[in-house]
Amino acid sequence: MSAVSTSPTASAPFRRDAEATKAVILRAARYLLARQAHADITLKAVAERAGVSPPLILKYFGNKDALFARVMSFETDADALLDAPLDELGRHMVRHVLVSQSQQGADPLVRIVFAPLHAAQGDILRANFRTQVTERLTERLDGPDAGLRAELAVANLLGLGVMYGIARGAQVRGAPLEEVVDRYAPAVQAHLTPGAGILRS
């Protein structure tokens, strides 16, 4: 007698809903992490911000430490941020930062700015940022001073993210997204491929 199997499509809507809910919870936790010390953030506050119940957070993440371990990781963000050929990477990264901020209400990098708020957790945030973002970008670069160039490129992106999402610069936010990309991407690309032409899409 063969085992009863379940169609893979039967649970797909539930998985999609679960993933969407997890994303909302993570976004809420990121929002709070950017505004108050890690020790002062409660699961209740995250739940209220996300519009879910605290037990649901426990179901998906286990506990506060597990939740914030995810929030303090840049691995998934770096996957998306670095997902382009090197000669197009500056343009891709600038667009990704702007689209994340303007359409998703999130920034892939800017939470590193708030590391000083978080004591020992701030050290974890810095270590993750270094290994998952700047060192990973460094590995993509050819030529001399690759580490310095990677950090300068990321610094450009952080500045853009801060101006758009924290300072809420009226001119940057009011300009067409592609115009900002056109103006800003060459400065980022110059660190990635110094001396090479900027590939326009």
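Close-up 1. Search the whole structure and you get 9 salt bridges, each one a side-chain nitrogen of Lys or Arg within 4 Å of a carboxyl oxygen of Asp or Glu. Keep in mind that this is a predicted model, where local features need pLDDT of at least 70, side-chain atom pairs count only at pLDDT 80 or more, and totals for chains, interfaces and linings use all residues. Residues are numbered from 1 along each chain as its sequence is written, and side-chain values use heavy atoms, with hydrogens and water left out. One of the bridges joins the side chains of Arg-91 and Glu-178, at 3.5 Å from N to O. Arg-91 belongs to helix H6 (residues 89-104) and Glu-178 to helix H10 (residues 177-192), so this pair ties together parts 87 residues apart in sequence. (Helices, H or I with at least four residues, are DSSP runs numbered from the N terminus.) Arg-91 also forms a salt bridge with Asp-182, and here the closest N and O atoms are 2.5 Å apart. Asp-182 is in helix H10 and Arg-91 in helix H6, so the two tie together parts 91 residues apart in sequence.

**Close-up 2. How covered are these partners?** Buried means under 20% relative accessible area, exposed over 50%, and partly exposed in between (1.4 Å probe, protein chains only). Arg-91 comes out at 10%, so it counts as buried. Glu-178, at 35%, is partly exposed, and Asp-182 is partly exposed too, at 32%.

Close-up 3. Glu-179 and Arg-183 form a salt bridge, with their closest N and O atoms 3.2 Å apart. They are 4 residues apart in helix H10, so about one helical turn separates them. Glu-179 is partly exposed at 33%, while Arg-183 is exposed at 67%. Back at Arg-91, salt bridges with shared partners join Arg-91, Arg-95, Glu-178 and Asp-182 into one network.

Close-up 4. The whole structure holds 1 aromatic pair; rings of Phe, Tyr and Trp (its six-membered ring) pair if their centres lie within 6.5 Å, with planes under 30 degrees apart called stacked, over 60 edge-to-face and the rest tilted. The ring centres of Phe-74 and Phe-129 are 5.1 Å apart and the planes sit at 80 degrees, so this pair is edge-to-face. It links distant parts of the chain, 55 residues apart: Phe-74 is in the loop between helix H4 (64-71) and helix H5 (75-81), and Phe-129 is in helix H7 (residues 119-140). Both Phe-74 and Phe-129 are buried.

**Close-up 5. Arginines over rings.** A charge sits over a ring if NZ of Lys or CZ of Arg is within 6 Å of the ring centre and within 35 degrees of the ring normal. Arg-111 lies over the face of Phe-74, 4.2 Å from the ring centre. Over the ring of Tyr-31 you'll find the charged end of Arg-49, 3.4 Å from the centre.

**Close-up 6. Arg-149, buried with no salt bridge.** Arg-149 sits in helix H8 (residues 146-165). It is buried but has no salt bridge, and the nearest side chain of opposite charge, Asp-145, is 6.8 Å away. A polar atom of the Arg-149 side chain does lie 2.7 Å from the backbone oxygen of Pro-144.

Key
Lys and Arg count as positive and Asp and Glu as negative; His and the chain ends are not counted. A polar contact is a pair of N or O atoms within 3.5 Å; within protein, one must be able to donate a hydrogen and the other to accept it, and residues adjacent in sequence count only if both atoms are side-chain atoms.
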